[in-house]
Amino acid sequence: MEKIPKIWRENLITYGMVIIAYAVMQILISFGLVSRLVQGLLVPLCIYVILAVSLNLTVGILGELSLGHAGFMCLGAFAGAFFSKVTVDAITFSPVRFFLAILIGAAVAGLFGFLIGMPVLRFRGDYLAIVTLAFGEIIKNVINALFVGLDSNGVHFSLSDRAALGLLDDGDVIINGAQGIIGTPQDSNFTVGVLLVLLTLFIVMNLIRSRDGRAIMSIRDNLIASESIGIHVTKYKLMAFSISAALAGVAGVLYSHNLNSVAASPRAFGYNMSIMILVFVVLGGIGNIRGSMIAAIVLTLLPEMLRGLDRYRMLIYAIVLIVMMLFNWSPKILEWRERHSLRELAGRLRGRSKV
Amino acid sequence: MSFINYVINGLSLGSIYAIIALGYTMVYGIARMLNFAHGDVIMVGAFTVFFGVSMQGLNPIAAVFVSIAICITLGVTIEFIAYRPLRGAASSLVVLITAIGVSYFLQNLALLIFGANTKSFTSMVPINPVRLAGGEIVISGETIMTILSCIIIMISLTAFIKKTKPGQAMLAVSEDKGAAQLMGINVNGTISLTFAIGSGLAAIAGILLCSAYPSLSPYTGSMPGIKAFIAAVFGGIGSIPGALIGGILLGVIEILGRAYISSQLADVIVFMVLIIVLLVKPTGLLGRKLQEKV
Amino acid sequence: MTQDMTPLLNVTNLSISFGGLRAVDDFDITVKKGQLYGLIGPNGAGKTTVFNLLTGVYRPDVGKIFLEDENITNMKTMDINKAGVGRTFQNIRLFKKLTVLDNVKVGLHNRFHYSTLEGIFRLPRYRSIEKIMNEEAYKLLKVFDLENEADYLAGNLPYGKQRKLEIARTLATNPKLLLLDEPAAGMNPNETKDLMKTIRFVRDEFDMTILLIEHDMKLVAGICEELTVLNFGKVLMSGETNAVLNDSRVITAYLGED
C-alpha cells in the first residue's frame, strides 16, 4: 500500500517545477535581467500551459481528438471580459472582480462544452476532430459578428451592426462586433497566471487519480469493456470534455484581461490556435500532464529564442516539429533508437566483458 | 435574376471545393489521415503559376503544367519523407501533427520567398464571360472553366478507378492494406500514386481558385483546404461522388448564405450544415457504416 | 453449492439477423442459480453473438431475456451490467494503460461512490472510500494471484494473467451471472488446468452462476454441468454434459466442421 505516496511525489514534482520557475523568474525580474519581450510572454505562457493541460484532459485522458479548444477559450475570454467591463465601476476591488470573472468564464465555457459535447461526443477520431473544429469556428465567427449593448432598458443583442442595437442615449456598446470588447481592466499578471496554472494542474491531476478519472481513462482504453462493467460512458465523456472546456475558459479570461481589449480574431481564437495547443499536447506526450506543460513552455519560447534568425525562425520551427515527430514516433526510428540506446550499449559492453 | 447569379457563383466555388475534396477523400481513404498540408499544396500550385507567369513571363499554359508537375512532386515527396515513416505509429494523432508541421513548413517557405503581402493573381482563363437573359445573368469565363474542369476530372477519375489496374489497386489498398499486400499489390507505390493525383488536383484547384478570387498569400490554401475536407466528410469520406456532391453543396450554401443572410456568418452556416448532416447521418451523405467487432 | 430451482437466466425465442443472415435463430436457454453452464458449438455458430445479445451490445430482433424476474431485453449494456450480468471477451479487453489495481477499481466503480468534487479536493470521503476500494480490489487480486502485479500496467501482463485480470475486473462489479467468452483461448494445457480450478473456485467462493463459451472440450467436460450446443445459429440440443457430448448429432456437427 505504499503506492499513493508515489503518485503524490510525481504531482509534487510538477507543482514544484511551476513554483521554482516562478520564483526564479521573479528573482531575475527583480535584478532587471529579463527583457521586456520575455516579460510580455509570461502571462501568455501561463495561458498556453493551462490550454495544453486542459486539452490533454480531452485528448490524452479521454482519448478523443478535439480541434475546437480555442473556441472554448474564446467563450471564456468574452464572458469574463463582459462581466469585468460591466462591473468595473460596481466592484472596485479588482481581485474579487477578477475572481468572479474567472468563475463566469469557466462556467460559460464549461456549459458550452457540455451543450456541444452532448451531440458531438458520439463521433470518434477524425470525425470528432472536424466537428469540434467546426464548432470552434462557429463560436469565433458568431462572437466576431456579435454586438451587445447595455442601456437603462436592459441588454440588447444584434448580429448585424451597432445601429441595430437601438440603444438609448445612456446606452453603452459592450461587445462591438469585430472590434470585440475594448476597455477591459488589465487584471491578469504573472502571479495570477501561475496560481491559475497550479489550480489547473491540481484539478486535472487529482481528477485523473480519482474514481471519475479512472472511469474516463477506461473509456479511452476500451470503450466496449467500459460499458460492459457498467460505466456510464456518455456521462464521463461529457464530464471530461466540459471540465476541459471550462479550464480553456479560464485561460480565455486570463487572455482577455492581459491586454485592455479582446477581439474574436482568427489569430487569437481560430482553428490554428486549437491546432497549436494540440501540438503542445502531442509533443509533450499524449496523456502526460507535466509533458504538456513543458512542451507548451518550450514551444512558445522556441520561436522567441530563434528570433536572431529572424525570417527563418518559423521555418525552423516547422522543421523541428516534423523531425521531432519522426524521431519520437516513427516505428523504424524507435527500433533503431532501441538498438542504439545507452542502456543497450552498456548491456553489450557488459556482455563482452563476460566473454 | 441575382439569385441565379448567386447559384452559378456557388456552383463555381463548389466545383473548386469538389476538386480539392476529391484529392482529400482519396488520400484519406487510402492513408486514413487528415492531411492538413493538402490546402497548402493548393497555395504552392497557385504561387508556381504566379511566379512563372507574372515574374518570369512564362506562357500561361506551360505554367499550369509546370505547376501541376511541381505539386505532384511535392505531394509524393511529403508522403515519402514525412508520412511514410509514421505508418504503423502508435497513435493516429502523430501523423496529423506531422501534417500540421508540413503545413507550417510550406506556409513559411512561401512567406520567406514571396513575403506576406497579398499578390494579385492574373486569371489563367482565356474565356470571355457569357451573358444570358439580356445581360442579367453573367457567367464568367472562370466559372465555365471551373465547372468544366470539375466535370472532366470527375469522369476521368471515376473511369481511372473503375477501369484501370492502378485504380483497382487504390480501392484494394483503401479497403485493407494487409490483404492488398498479400495480393501482390505494391502498397507504397499505390499510396504514392494517390498522393500524386491528389496533389495534381490541388494544383488545378489552386489555379482555378486564384483565377476566380484573384488574391494570393501564403495562407490562401488553408481555409479552402479545411472547407474541402468538410465537403469530403459531408459527402461521405472515401466516396468520390460524395466529394463532388459535398463540394458543390458547400459552395452553393456558402455563396447563398453570404448573399442572403450575412457575409460574416457565411462560414457559420457552412459549419452548421456540416454538423447537422453528420448528426442525422454520421457517415456523411454517401458514406458507409463501419462497426467495431466485439 | 446451492442449486435452487428458480432460473437465474431465462432466454426465449432470441433471434437476430445481419443483412438477411440469421446469426442467432430462436435461441432458448435456462440457467439455474449456481450452475456452471457451457455454450458450445462449431466456429461461426453464433455463440459470441448470443453473448452480445445478452449484454446489450446488439439488440435482438425478437425474443426475451430475463435475469431472475427482471426483463433485461433491450436494456443498455451498462444497465445490464448494473442488473447483474458481467462478461469477459474473446479477444481480451483490458484497460491496457491502467494498472492492474486500477482495472479492478474501475470494476468497483458502481459499488462505491464519492462525488467529483470530493475526488478533486481530496475530501475525507475520498480518502475513506479509496481505502475501502483498495482493500476490495486487493481481495480480488489475491483470489487470482495477481496482488504482486497490482502496480503493473495491465497491457504488460502475460497472456494468462490478462485473462484472469479480466475475470477479476468483471467480478468486481458484483454480478449475479458471469459470462465467460472462451476463457481458455490461447492458453497452454497447464494454464487451462489452472483456469479450470479458478473457475470452479469462483463459482464456489462467490456463489456465482457461470455461463461459458468454450472450444476446449476437455475444459467443458471437466467443469460444466449442463451444455447447450449451438449450430448455424440454432440450438442443436441442451442437457446434462455427458449426455450432450455423447450425442451423435453433436459429434456430427463437430466432426463435420473439422
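This is a predicted model: local features need pLDDT of at least 70, side-chain atom pairs count only at pLDDT 80 or more; totals for chains, interfaces and linings use all residues.
Local features need pLDDT of at least 70 and side-chain atom pairs count only at pLDDT 80 or more, while totals for chains, interfaces and linings use all residues. Residues are numbered from 1 along each chain as its sequence is written, and chains are lettered from A in the order in which they are written.

At the interface, 30 residues of chain C are in contact with 23 residues of chain A (C-beta atoms, placed from the backbone, within 7 Å). On the chain C side, two or more residues come from each of α2 (77-83), α3 (100-107), α4 (116-120), α5 (124-143) and α6 (159-171); helices are DSSP runs of H or I with at least four residues, and strands are runs of E with at least two, numbered from the N terminus. This side has nine nonpolar, eleven polar and ten charged residues (nonpolar: Ala, Val, Leu, Ile, Met, Phe, Trp, Tyr, Cys and Pro; charged: Asp, Glu, Lys and Arg; polar: the others, Gly among them).

In chain A, an open sheet of three strands has the order β2-β1-β3, with antiparallel pairing; two strands pair if DSSP finds at least two bridges between them. Strands β2 (154-158) and β3 (172-176) form the edges. Five bridges join β1 (residues 147-151) of chain A to β2(A), and A:Leu150 stands opposite A:Val155 of β2(A). Helix α3 (residues 69-87) of chain A lies across β1 and β3 of chain A, at about 165° to β3(A) (axes are fitted to C-alpha atoms, for helices over the stretch in contact, and angles run from 0 to 180 degrees between N-to-C directions).

Definitions and conventions:
Two residues are in contact if their C-beta atoms, placed from the backbone, lie within 7 Å.
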